[in-house]
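Here are my notes on the model you sent over. Have it open while you read, and go through the points in order.

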Amino acid sequence: MNPAYATVDHVFTVPLDHAAPHGPTIEVFAREVVDPGRANERLPWLLYLQGGPGGKSPRPSAGSPGWLPQALKTHRVLLLDQRGTGRSTPVTARVAARCASPGRLADHLGHFRADAVVADAELIRRELCGDEPWETLGQSYGGFITLTYLSLAPEGLKACYVTGGLPGLAATADDVYARTYPRVRDRVLDFYARYPGDEPLLRKIADRFTAGDVRLPDGDRLTVRRLRTLGLALGMGDGFERIHWLLDEALDAQGELTDTFLQQVMVLTGFTDNPLFAVMQETLYGQGAGPTGWAASRALAGRSEFAEDADPLLLTGEMIYPWMFREIRGLRPFADAADLLAERTDWPPLYDPARLAANEVPLAAVVYHDDMYVDAGLSLSTARQVGATRVWVTNEWEHDGVTASSGRVLSRLMDLAAGRA
């Protein structure tokens with residue numbers, strides 16, 4: 001049987017700091033994927049920019065990720081492990097623990113934002129394609145990177161497709177979380193409406209933590225606030241069901257928490273595979289407008305409906321809180337450095353509004369009307385500020401629509417960018 005895909009692994013050596021090209025280097029990994037029947041053809045490149053931050057690119061298998069078969073009809077795809085993720089000199093808890101000081105670690109982490117990913121991509125493009133521009137597909141945070149790419153190096157781009165990832169160009173972390181909490185509240189209430197029994201079940205589980213010490217398999221204490229971070233999944237197409245079936249096996253016949261439940265909660269809330277998601281989350285909104293200052297935590301303090309003793313008990317979303325870096329094993333080595341990042345005031349801008357307004361690279365974006373993670377209002381405002389942009393607004397899919405739609409989202413975006421729709 002012929003393989004579904006032909007693949008070639010690439011490893012590139014890049015500067016840690018592109019402003020100091022002769023300084024320390026790291027490796028960046030990318031996997032080239034092509035239809036085996038077209039492996040020897042000259043095909044246009046499509047660079048995939050994964051969501052996150054801190055997420056490695058998907059590992060291809062037959063029919064997966066869902067958009068890949070559609071892309072391979074016309075393109076040679078490059079699945080990039082963004083710096084610090086997957087096989088790209090990964091930033092892990094073990095690496096952080098070996099760092100000489102919190103200040104050194106914070107300085108190191110400052111080189112893992114979207115501007116550095118774009119500089120890596122341009123170095124890779126020139127090595128693979130020479131002067132020929134390529135196309136990009138940016139999912140979620142990959143869309144944020146796309147706008148940085150269009151700001152810093154539009155000459156490297158032929159067309160861009162963004163799925164659920166148009167950022168507010170001037171939005172601060174405070175702006176973002178002021179909009180995010182109401183959406184998360186509404187999503188949790190929708191979850192309870194679909195599965196009414198899960199509301200009292202979650203409260204029953206939470207009451208066990210206040211009555212006694214509950215430990216996860218790795219020794220971390222399971223608290224109400226850690227339990228609530230399970231809500232991160234609710235913005236995906238299968239998120240309601242993932243949480244429902246997790247809770248379905250939470251208690252045994254004696255009313256005790258099951259080993260299965262505790263193991264899954266540890267994995268789902270531990271950030272072992274992607275600590276950069278937590279570490280870098282609020283740095284996405286740092287652009288010289290003052291410190292981010294743990295904006296999600298400050299916003300939470302002003303919302304009584306999210307109190308741990310409120311009824312109903314509300315889960316939280318992708319917000320990151322300072323307590324996580326003291327209470328979660330996989331994040332503890334980053335704790336002091338994360339505080340320093342939250343205090344930093346000199347973040348360089350990630351977007352160039354003037355250059356984006358004059359943009360001529362075709363940009364097609366889908367905005368998910370009910371997106372829990374990326375505010376549709378901010379996305380539509382950005383679309384009006386960026387030249388050569390066409391937007392499709394839909395509520396047919398959740399945030400993972402590009403994968404869940406089996407290629408239909410990508411196909412439509414390609415038609416939009418080419419003027420066929």
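1. How much space lies in the largest pocket? About 1300 Å³, going by this model, which is a predicted one.

2. Who lines that pocket? There are 47 lining residues, and those nearest the centre of the largest pocket are Gln50, Gly55, Leu232, Met236 and Asn274. Sorted by class, the lining comes out as 21 nonpolar, 20 polar and six charged residues.

3. As for the helices around the largest pocket, at least two lining residues each come from helix 9, helix 10, helix 11 (275-280) and helix 17 (401-404). Helix 10 gives the largest share, with four residues.

4. Two of those helices also pack on each other. Helix 9 (residues 239-248) meets helix 10 (residues 259-269) at an angle of about 145°, and their axes are 9 Å apart. Their crossing is left-handed. On the helix 9 side, Arg242, Leu246 and Leu247 make the contact, while helix 10 brings in Phe261, Gln264, Val265 and Leu268. That gives the contact five nonpolar residues, one polar and one charged.

5. Now the overall picture. The protein chain has 18 helices and eight strands. Its radius of gyration is 21 Å, close to the 22 Å that the globule rule gives for 421 residues, so the chain is as compact as a globular protein of that length. Along the principal axes, the C-alpha atoms of the chain fill a box of roughly 65 × 45 × 45 Å.

How values were computed. Residues are numbered from 1 along each chain as its sequence is written. This is a predicted model: local features need pLDDT of at least 70, side-chain atom pairs count only at pLDDT 80 or more; totals for chains, interfaces and linings use all residues. Side-chain values use heavy atoms; hydrogens and water are left out. Axes are lines fitted to C-alpha atoms, for helices over the stretch in contact, and angles run from 0 to 180 degrees between N-to-C directions. A crossing is left-handed if the near helix is turned anticlockwise from the far one by less than a right angle, and right-handed if clockwise. Contact means heavy atoms within 4.5 Å. Ala, Val, Leu, Ile, Met, Phe, Trp, Tyr, Cys and Pro count as nonpolar, Asp, Glu, Lys and Arg as charged, and the others, Gly among them, as polar. On a 1 Å grid over the protein atoms alone, a cavity is a set of points where a 1.4 Å probe fits but cannot get out, and a pocket is an open set with protein on both sides within 12 Å along at least five of seven lines; lining residues have an atom within 4 Å of a point. Grid points are joined across faces, edges and corners, and a volume is the space filled by probe spheres set on the points. The radius of gyration is taken over C-alpha atoms; the globule rule is 2.2 Å times the number of residues to the power 0.38.
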